Amino acid sequence: MTIAIREKPMKLIWLEALKRRLLEEDPDFSYYHEQFRRVDAGFAGEKKVDREWLELVYPYTFFVLHNLMLMNSAQHSHQLDTLFICANFMLVVEIKNMNGRLDFDDITHQCIRTKPDGTVEGFPNALTQTQRHMQFLKVISQNYSLPIEGAVIIANPSAIIASHPNTIPIFHVSGLQKHLHSLLKKYPQAFLSDKQLTQFAQQLLSRQLPSKIPAPIDPSRFRQGVLCPKCQYKPQMHVARGIWTCSRCHYTSKAIFAEALQDYQYLVRPTITNKQLREFFNIPSSDVANRLLRKFQFPFTGSNKDRVYHLPENLIEYMQPFFHSS
Ligand SMILES: [Zn+2]
């Protein structure tokens with residue numbers, strides 16, 4: 001079995017950074033907060049479903065690929081929450097983490113959610129989205145003649161699945177194991193060898209589009225500096241000997257710098273110079289900034305004074321060992 005680990009989407013990391021820093025008076029403040037809430041709930045729902053795959057008892061080779069972002073021939077993207085592939089069939093899974101009553105309309109292709117307080121909202125129909133992905137997979141998997149199935153999984157146990165057409169199964173996450181076993185009964189025959197199966201999975205992964213950070217927003221719209229997490233990211237923290245201290249509550253931390261630098265990486269740019277570090281993080285001395293930059297051994301280009309440091313991906317994880325090393 002191969003189960004890929006689902007990484008936090010770039011958009012969510014970007015929204016987290018913005019949530020910490022965007023000024024309250026910004027005209028888009030509530031828009032971005034709502035965006036964050038939705039993307040965060042979506043990711044939490046996906047993680048919940050991911051745990052089910054780990055418990056799957058299946059004796060043969062299979063792949064579970066998460067967050068596949070592929071491009072079709074018309075240059076439109078397909079974002080697949082999860083794709084399960086075994087030698088007998090593949091299953092496209094669309095995951096929704098919503099509460100309330102959900103009505104899926106096959107004629108208008110809309111999903112209508114009625115919240116417990118009676119508010120009614122419209123969403124894109126997950127069943128239609130899944131069918132679209134299935135059509136696309138049919139085209140790109142022609143050489144493998146593997147049956148394609150789809151399912152919509154509701155990750156929130158309090159959601160009520162009300163009216164829905166019978167085009168694609170839709171069920172709560174607790175029904176996933178049973179559904180997979182029913183598909184194995186439906187397709188008892190293996191269409192691919194293990195080698196072909198692996199080749200197909202690798203082919204899909206090689207088509208994966210790189211994820212992009214959303215367009216930069218004007219730095220005058222957000223707070224700069226290393227901000228204090230104990231004070232709702234309002235006051236700036238100041239550094240002495242690598243330790244950051246909040247001037248309001250006196251909270252101290254070394255590792256908080258990693259989160260702040262990641263915010264910079266996502267909201268401003270993926271590279272940083274000594275001057276840019278001093279300006280953004282309000283560091284008065286060039287020597288202090290230099291020590292901070294060298295400590296983490298970031299890859300760099302340029303000579304001494306004009307050195308440009310390239311901030312690695314998964315920056316927080318990358319920086320962790322360096323905080324313990326001194
Ligand atoms: Zn504080």
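This is a predicted model: local features need pLDDT of at least 70, side-chain atom pairs count only at pLDDT 80 or more; totals for chains, interfaces and linings use all residues.
1. Start with helix 4, which spans residues 176-186. Its buried residues are L176, Q177, H179, L180 and L183.

2. What do the buried residues of helix 4 pack against? The partners are helix 2 (29-54), plus strand 3 (77-86), strand 4 (90-96), strand 8 (148-154) and strand 10 (170-172).

3. On the helix pair: two packed helices are described by the angle between their axes and the distance between the axes. For helix 2 and helix 4, the axes come within 10 Å and cross at roughly 50°. The two helices are therefore oblique to each other, and the crossing is right-handed. Helix 2 brings V49, E52 and W53 to the contact, while helix 4 brings L176, Q177 and L180. By type, the residues of this contact divide into four nonpolar, one polar and one charged.

4. Over in strand 8, have a look at I154. Buried or exposed? I154 is buried, because its relative accessible area is 0%, where the cut-off for buried is under 20%. Setting aside neighbours within four places in sequence, I154 is in contact with K96, M98, L102, A159, I161, I170, F171, H172 and V173. I154 and K96 are 58 residues apart in sequence, yet their C-alpha atoms are 5.0 Å apart in space.

How values were computed:
Residues are numbered from 1 along each chain as its sequence is written. Side-chain values use heavy atoms; hydrogens and water are left out. Buried means under 20% relative accessible area, exposed over 50%, partly exposed in between (1.4 Å probe, protein chains only). Helices (H or I, at least four residues) and strands (E, at least two) are DSSP runs, numbered from the N terminus. Contact means heavy atoms within 4.5 Å. Axes are lines fitted to C-alpha atoms, for helices over the stretch in contact, and angles run from 0 to 180 degrees between N-to-C directions. Angles under 35 degrees count as roughly parallel, over 145 as roughly antiparallel, 65 to 115 as roughly perpendicular and the rest as oblique. A crossing is left-handed if the near helix is turned anticlockwise from the far one by less than a right angle, and right-handed if clockwise. Ala, Val, Leu, Ile, Met, Phe, Trp, Tyr, Cys and Pro count as nonpolar, Asp, Glu, Lys and Arg as charged, and the others, Gly among them, as polar.
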